[in-house]
Amino acid sequence: MRFNPERVQANVRRATTDDLMDRVTAFRAGLEPAALPIIMEELRSRGITPEAIVDHEAQRQTAVADKTGVARYCARCRKPAVTREWGWHRLFGKVPIFVRPLYLCEDHRQPQTEGPDVQG
């Protein structure tokens, strides 16, 4: 597929600031190199400083990456995943079929329980 800067520009303009910040930090290794300056310019036009990008990157250090170094997406949204958990693969989103690994972001991960005497 050929790189289309106009299409990338339109996509970047529609994206949320948080999504763009994730793209230039956690998902940077998977970006088309020519897309990075377009995203960075859009962030600059929105008033995002380089320091804010560095801070955002520090928050995303816990992201789970694949073998190529690109962060995995959450199974329930487009944020970087921070954990791998077991969950049901559901037919039509309703009928549980089999258990499979799910990569989940901070918002969708299961609450962590404490202590060995936790009741199920």
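Let's start with the radius of gyration: a compact globule of 120 residues would come out near 14 Å, but our chain has 17 Å. Keep in mind, everyone, that this is a predicted model. If you draw a box along the principal axes, the C-alpha atoms fill roughly 50 × 35 × 25 Å.

So what is the chain built from? You can count four helices and two strands. Walking along the sequence, the pattern reads α-α-α-α-β-β.

Now, the surface. Of the 120 residues, 26% count as buried. The chain exposes about 8700 Å², and carbon and sulfur atoms supply 52% of that area. There are charges to look at, too: 19 positive and 16 negative, with mean positions 9 Å apart.

How about contacts? Take those between residues at least 6 apart in sequence: 50% of them join residues at least 24 apart.

Here is a detail to find on your screens. How many aromatic pairs does a search of the whole structure find? One. The partners are F27 and Y73, and the pair is stacked, with 4.2 Å centre to centre and 20 degrees between the planes. Where do they sit? F27 is in the loop between α2 (17-24) and α3 (35-45), while Y73 is in the loop between α4 (50-59) and β1 (83-91). That puts them 46 residues apart, so the pair links distant parts of the chain.

Y73, at 36%, counts as partly exposed.

Methods. Residues numbered from 1 in each chain as written. Predicted model: local features only at pLDDT ≥ 70, side-chain atom pairs only at ≥ 80, totals over all residues. Heavy atoms only, no water. Rg over C-alpha atoms; globule rule 2.2 N^0.38 Å. Buried < 20%, exposed > 50% of the residue type's maximum accessible area, 1.4 Å probe, protein only. Contact = heavy atoms within 4.5 Å. Areas by Shrake-Rupley, 256 points an atom, 1.4 Å probe, with all protein chains shown as cover. Lys, Arg positive; Asp, Glu negative; His and termini not counted. Charge placed at Lys NZ, Arg CZ, Asp CG, Glu CD. Phe/Tyr/Trp six-rings, centres within 6.5 Å; stacked < 30°, edge-to-face > 60°.
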